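Biologist: Shall we go through this model together? Please bring up the sequence and the structure.

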Amino acid sequence: MIDLIEKARKTHSLEKDEITALLRDSGSTADLLAAADEVRSLFVGPAVHLRALIEFSNYCRNNCCYCGIRRDNRQAQRYRLSVKDIIAHVDAAARAGYKTIVLQSGEDVYFTVDRLTRIIRAIKERDMAVTLSIGEKTYEEYKAYKQAGADRYLLRIETTDKALYHRLDPGMSWDNRLRCLTDLKRLGYETGSGSMVGLPGQSIDSIADDILFFKQMDIDMAGIGPFIPHAQTPLADARGRELTLSLKTMALTRLLLPDINIPATTAMEALDPNGRIIALQSGANVVMPNITAEEYRKKYELYPGKAGEGRAFVSERGRIESKITAIGRTIGQEKGFRGEFLKGK
Ligand code: 5AD
């Protein structure tokens with residue numbers, strides 16, 4: 001296993017059977033995570049980039065079996081922020097020193113191209129980077145957001161196992177999701193994808209395929225987190241909660257794509273109070289503090305434990321910063337685009 005980790009560290013390339021061997025082996029976990037930390041340090045440096053996350057609507061037209069805001073969850077209390085309220089959140093984030101706004105929502109048709117482009121332009125006027133995480137759209141819609149100034153887009157593939165995807169995301173099409181990612185890349189977005197780890201019916205083989213998919217697509221960001229069952233979904237009784245396997249998947253992604261942005265995901269923090277710090281020491285270099293006002297935040301429950309307890313308010317940015325500096329890292333002062341660190345060297 002040590003030889004495989006060495007190979008990944010030096011060549012940033014592994015065969016599928018080598019990836020599955022590392023995912024299966026428990027004796028080499030610490031070495032794998034340490035190698036990812038080293039590669040992170042060499043290719044993206046010590047800075048942790050903070051992105052302010054605004055969850056602006058939990059209305060969703062989709063019905064993903066794992067997700068707490070799926071269409072059929074009648075117990076979810078739906079909300080959407082007004083354009084004015086979203087911009088108030090943006091201003092608070094700017095005052096707190098954030099350089100990127102991440103706009104995330106369910107697939108809510110209320111937010112037309114017109115409304116979204118108004119929000120995007122307002123953020124760009126404040127000289128911040130804009131990341132969108134609002135699901136599957138047409139090429140024309142993606143193009144309109146890009147022209148309005150959007151810089152990045154997050155759209156997880158969730159799983160590259162097509163049969164599993166179609167079981168878990170009824171009514172959706174894996175091929176359309178791939179089409180979206182291809183369109184986003186073509187339009188010049190910094191494109192993020194990612195996956196959940198520990199889904200019911202997901203094999204180690206298919207997790208290896210996910211990692212190779214990120215590599216083959218040359219994605220710019222990868223959000224990887226453990227699947228956590230939500231009581232108000234069809235997967236309430238599934239197991240999930242695979243923190244270590246998620247960390248290993250993330251570490252392997254760092255080894256194979258050394259210069260990309262990798263967030264320490266909230267789902268990791270939901271399983272371990274120190275989850276995001278552990279992730280930052282295992283290949284991650286981004287944190288996305290949730291700055292949504294608390295009354296909404298608790299309703300954006302994709303999985304239990306997600307909202308945290310009063311964690312990561314704009315005013316609590318200092319607390320996150322001190323945790324980051326306590327492990328010898330710095331806070332990113334730039335917008336944190338892919339390749340920024342290597343260019344500056
Ligand atoms: N557990 C973990 N992650 C989840 N997501 C949705 N539901 C869950 C869950 N139950 C993730 C999906 C989605 C992202 C916004 O949240 O990967 O893309």
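Biologist: Is Y189 buried or exposed, and what is its relative accessible area?

Modeller: First, this is a predicted model, in which local features need pLDDT of at least 70 and side-chain atom pairs count only at pLDDT 80 or more, while totals for chains, interfaces and linings use all residues. Residues are numbered from 1 along each chain as its sequence is written, and side-chain values use heavy atoms, with hydrogens and water left out. Buried means under 20% relative accessible area, exposed over 50% and partly exposed in between, with a 1.4 Å probe and protein chains only. Y189 is therefore buried, at 3%.

Biologist: Why does the ring pair of Y153 and Y189 count as edge-to-face?

Modeller: Rings of Phe, Tyr and Trp (its six-membered ring) pair if their centres lie within 6.5 Å; planes under 30 degrees apart are stacked, over 60 edge-to-face and the rest tilted. Here the centres are 5.7 Å apart and the planes stand at 85°, so the pair of Y153 and Y189 is edge-to-face.

Biologist: Which residues do ring pairs link into a cluster with Y189?

Modeller: The model has 8 aromatic pairs by this rule. Ring pairs join Y189 to Y142, Y145 and Y153.
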